[in-house]
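Q: Can you take me through the pockets in this protein? Keep it simple, please.

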Amino acid sequence: MAKVFVITGPSGVGKGTLIRALLDRLPRLAVSVSATTRDPRPGEVDGVAYHFLSRTEFDRRVAEGAFVEWAEYSGNRYGTLRSELDSRIERGIPVVLEIEVQGARQVREKMPEAVQVFIAPPSRETLRTRLVGRGTDTAEQVARRLQTADAELAAQREFTYVVINDRLEEAIVELVAIVERELAGRV
Ligand code: 5GP
């Protein structure tokens with residue numbers, strides 16, 4: 001069975017950057033494209049960044065059981081489609097999920113064999129600086145994401161691996177080492 005890697009942690013911690021670096025180094029990994037009801041940000045392409053769905057369409061797919069997990073986050077819904085996972089797993093391709101903590105817990109229940117990695121910021125202040133600096137969210141959205149981050153940070157001890165994203169290069173090396181070790185079965 002191909003491995004599933006769950007990469008979780010608060011918004012703004014650098015999950016996306018770390019996952020891009022992980023894929024550069026281990027190109028045989030595939031990333032699951034999530035579905036969301038949030039509006040696309042400038043430059044985000046449908047089917048690449050996310051599958052952008054209306055609330056009605058999202059809920060219809062929830063009802064038909066199309067999601068492995070889904071969660072409400074900062075006023076929008078996000079979920080992992082079964083179709084993103086099944087075909088890869090059948091073909092032996094390891095898949096990476098970039099999801100928030102509630103979704104990671106659901107995956108842990110349903111797929112206890114999935115590898116769970118929590119990406120933590122060196123401090124809450126770093127997280128705030130990154131969220132503001134990213135410039136993708138309004139002040140109100142940043143405040144909301146930071147509030148959620150407090151609960152997410154408290155959950156980090158639930159996870160098998162915690163990688164602190166202080167110096168990016170070091171965090172990349174650490175994440176790549178975890179994934180390589182798990183893929184090789186050396187754990
Ligand atoms: P953003 O709006 O910044 O793209 O994402 C907000 C949060 O939702 C991030 O923490 C991101 O990792 C998470 N997220 C993205 N896709 C999924 C998904 O499929 N399921 C869950 N549970 N969370 C997701």
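What follows is a short chat about the pockets and their linings.

A: First, this is a predicted model, where local features need pLDDT of at least 70, side-chain atom pairs count only at pLDDT 80 or more, and totals for chains, interfaces and linings use all residues. Residues are numbered from 1 along each chain as its sequence is written, and side-chain values use heavy atoms, without hydrogens and water.

Q: What volume does the largest pocket have?
A: About 970 Å³. A pocket is an open set of points on a 1 Å grid over the protein atoms alone, where a 1.4 Å probe fits, with protein on both sides within 12 Å along at least five of seven lines. Volume here is the space filled by probe spheres set on the points, which are joined across faces, edges and corners.

Q: How many residues line the largest pocket?
A: The lining has 35 residues, each with an atom within 4 Å of a point. Lys15, Gly16, Arg41, Tyr50 and Glu98 lie nearest the centre of this pocket.

Q: Which helix gives the most to that lining?
A: Helix 1, with six residues. Helices (H or I, at least four residues) are DSSP runs numbered from the N terminus.

Q: Now the second largest pocket. What is its volume?
A: About 260 Å³.

Q: Which residues lie nearest its centre?
A: Arg38, Asn76, Asp137, Gln141 and Arg145, from a lining of 14 residues. Helix 6 gives the most to this lining, with four residues.

Key. Helices (H or I, at least four residues) and strands (E, at least two) are DSSP runs, numbered from the N terminus.
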